[in-house]
Each structure stands twice: as structure tokens, then as C-alpha cells.
Amino acid sequence: MKERKKLDRSERRERLKNCLLDFVILLVACSVSAFATVGVMIPNGLTSGGVTGIARIMQSFVDVDFSVLYYGVSIIVIILVLVFMGLKELKKILLLSIMYPAVLFLFERLDIQLLETKDVLLAAVFCGVFMGIYVGLVFWRGYASAGSDAVAKIIRKRLMPQAGLSKILLCIDGIVIIASALIYGRNIALYALITQVIITKTSEMIMYGFEGKIVQLSVITDQCDAISAYIIKELNRGASSVEIRGEYTGRSLRQITLLCSPRESVQTRKRISQIDPHAFVTVTKVEAVWGLGRGFSHFDNE
């Protein structure tokens, strides 16, 4: 009984430490992105895709702080997620939906700028790098925001279940950038496209370096049912398992194997650590997958 209590206390301390680490990393990520928006993008008259681009379009019509407009759009997205995706999805985006606009509001008051003179090309590049760091850190820690990716999930679930999430997200960002061209001009829209490409590449490097788009997770655990349920019901992936025996301990355990995208692997590892802190997880880069008709061609969902 005493050993069990010690183990529970140790697990609680570990979870608290992870929560504090998440908070610090997310705060740093929000600060970097807020600086990119307020200190680089807006002073140089640029825009972007997603919620940021929508707020920039709105800012051209109303004389309101960018952070307030961003908060307003985020609230709309939160309501849509709650109505169409449920409370479980809402919990994933709630923290950043509150934290990021608050950090934006603070940086607006600080009024710090990166460039000494107006230079739209440099601004587009550095804005993409900083925002990519934000996206990469957020996804690396397994979180999400009330952004265009949340809207893309709603569209896929309700209207286009056969479409890849990345394709829907690309269309949303494209529509926002085209709308920006009507207001800010074609050149600014093209700079926004450059920023968007750099955001994608930078976030991918932050998340998983130069790995491929498919990874294999092998999980050795005594909580096979709970982890398999998460993979199948929440991650919407398939998995297989075999019984194995640890030669050192003599215990019989299950080994679960699944193929997924690197972003999904980050989410899965975080969920596994909550279900079974003592699970043994290995991640292996996969060069290619053959199995047409079995769902393996849809790794572009992430």
C-alpha cells in the first residue's frame, strides 16, 4: 500500500512537471508568434492565411486592435467546434484560444518592431519563420488552437470525410489569401503565400526534423485495451498487437504497432504517457508503405 501511494505521488509530480513544462513552452511559442504578428507583419502591411488573415481583413474595415479581432474570430471558431465536434475537441483548443490572444494584446501594448525600416520581403520571411516556430512547438506538445485547422476538421467531418485534412486546410488558407489580395493588393497576397510556405516548412522541422511523412510506433504496455481504443476511436487509425514476454522481468505484455503521421505520433505519445506512464514506446521512420485500398494512402490527413 505504501509503495502504491509513493508511486501515485511520483506520477502526480511527473504530471505536474509536464503541465508546467507545457505551459512554459506554450507561453514562449505564443510570445514568438505574437511578436511576429505585431512586430513584423502588421508594421510592414502584410497579412497571412487562417485566422490571422481573417482578422487582418477585418482590421481594414474597423478601427479595432488586432488582438480584439483575433479574440472575436477565435470565439466563433470555439462555438463552431463545440457545436459540430463536441466538448472533447473543444478541450484541445481551449487553452491556446485564451492564451494566445492575451499574449497578442500584451505585445500590442509593448509596440516592439523587428525591422528598422519597412522591408516586405524580409518581413514575410521572418514572419513565416517565427510563426512556424509557434506552430511547431504547439504541435510538438500535442496542443491545437482555434485556427483554420479546427475549421478544416469540422469541414472534413461534416461535409468532406473523404478529403485529406491538409488539402482542406490549404483551400481555407488559399481563400483567405485571395480575399486579402482584393483588399491589400496582389503583391501582399503573394508575400502572404511565401509566409505560409515558410510557416509549413519551419513547423515541420521543429516537430520532427527531417523525418518522412510516415512513422511507425511500437508500444509495449499492459494497458493495451485503453491505448487501442484511443488509436481507433480518437486517432482514427488502425493498429495491430501481439503478445510478448519480457525476458528480464518474465512478464507477459502486449506490443501495439501502428503507422501514422509524425504529428499524430506526437499526439499519441502524449496520450500514452497519460494512460500508461511506464509504457515502452519506439518511433521509427518509414520510407514507404504499400497496401493500396487499406487506408495507407491517406497520410496527408495531417
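A residue is called buried when its relative accessible area is under 20%. The model discussed here is predicted. By that cut-off C127 is buried, because its relative accessibility is 1%. The points below begin with the cysteines and then turn to the cores, the cavities and two further residues.

**Cysteines**

- The structure contains zero disulfides.
- A disulfide requires two cysteine sulfur atoms within 2.5 Å. The closest cysteine sulfur to that of C127 belongs to C30 and is 15 Å away, so the separation is too far for a bond.
- C260 likewise takes part in no disulfide, and its nearest cysteine sulfur, in C224, lies at 16 Å.
- C260 has a relative accessibility of 0% and therefore counts as buried.

**Nonpolar cores**

- In soluble globular proteins, nonpolar side chains tend to be buried together.
- The largest nonpolar core of this model comprises 47 residues, and V81 and V138 have the most contacts inside it.
- Helices that each supply at least two residues of this core include α1 (2–41), α2 (50–59), α5 (120–140) and α8 (186–208). The helices α3, α4 and α6 also each supply at least two.
- The greatest share of this core comes from α1, which gives 10 residues.
- When neighbours within four places in sequence are left aside, V81 is in contact with G86, E89, L90, I93, A150 and I154.

**The largest cavity**

- Rolling a probe the size of a water molecule over the atoms shows where empty space is left.
- Two cavities of 30 Å³ or more are counted in the model.
- The largest cavity holds about 70 Å³ of space.
- Its lining is formed by V81, M85, E89, K92, I93, A144, S145, D149, A150 and K153.
- Helices α4 (87–110) and α6 (148–158) each contribute at least two residues to the lining of the largest cavity.
- Sorted by class, the lining of the largest cavity consists of five nonpolar, one polar and four charged residues.

- Y70, S74, L96, S97, Y100, S145, A146 and G147 form its lining.
- Helices α3 (66–84) and α4 each provide at least two residues of the lining of the second largest cavity. Of the contributors, α4 gives the most, with three residues.
- The lining of the second largest cavity has four nonpolar and four polar residues but no charged residues.

**Two further residues**

- S67 is located in helix α3. With a relative accessibility of 1%, S67 counts as buried.
- Apart from its neighbours within four places in sequence, S67 is in contact with P101, L104, F105 and E108.
- R237 is found in the loop between α9 (224–234) and β2 (240–245).
- Is R237 buried or exposed? R237 counts as buried, because its relative accessibility is 11%.
- R237 and G142 lie 95 residues apart in sequence, and their C-alpha atoms are 17 Å apart in space.

Methods
Residues are numbered from 1 along each chain as its sequence is written. This is a predicted model: local features need pLDDT of at least 70, side-chain atom pairs count only at pLDDT 80 or more; totals for chains, interfaces and linings use all residues. Side-chain values use heavy atoms; hydrogens and water are left out. Buried means under 20% relative accessible area, exposed over 50%, partly exposed in between (1.4 Å probe, protein chains only). On a 1 Å grid over the protein atoms alone, a cavity is a set of points where a 1.4 Å probe fits but cannot get out, and a pocket is an open set with protein on both sides within 12 Å along at least five of seven lines; lining residues have an atom within 4 Å of a point. Grid points are joined across faces, edges and corners, and a volume is the space filled by probe spheres set on the points. Helices (H or I, at least four residues) and strands (E, at least two) are DSSP runs, numbered from the N terminus. Ala, Val, Leu, Ile, Met, Phe, Trp, Tyr, Cys and Pro count as nonpolar, Asp, Glu, Lys and Arg as charged, and the others, Gly among them, as polar. A nonpolar core is a set of buried Ala, Val, Leu, Ile, Met, Phe, Trp, Tyr and Cys residues joined through side-chain atoms within 4.5 Å. Contact means heavy atoms within 4.5 Å.
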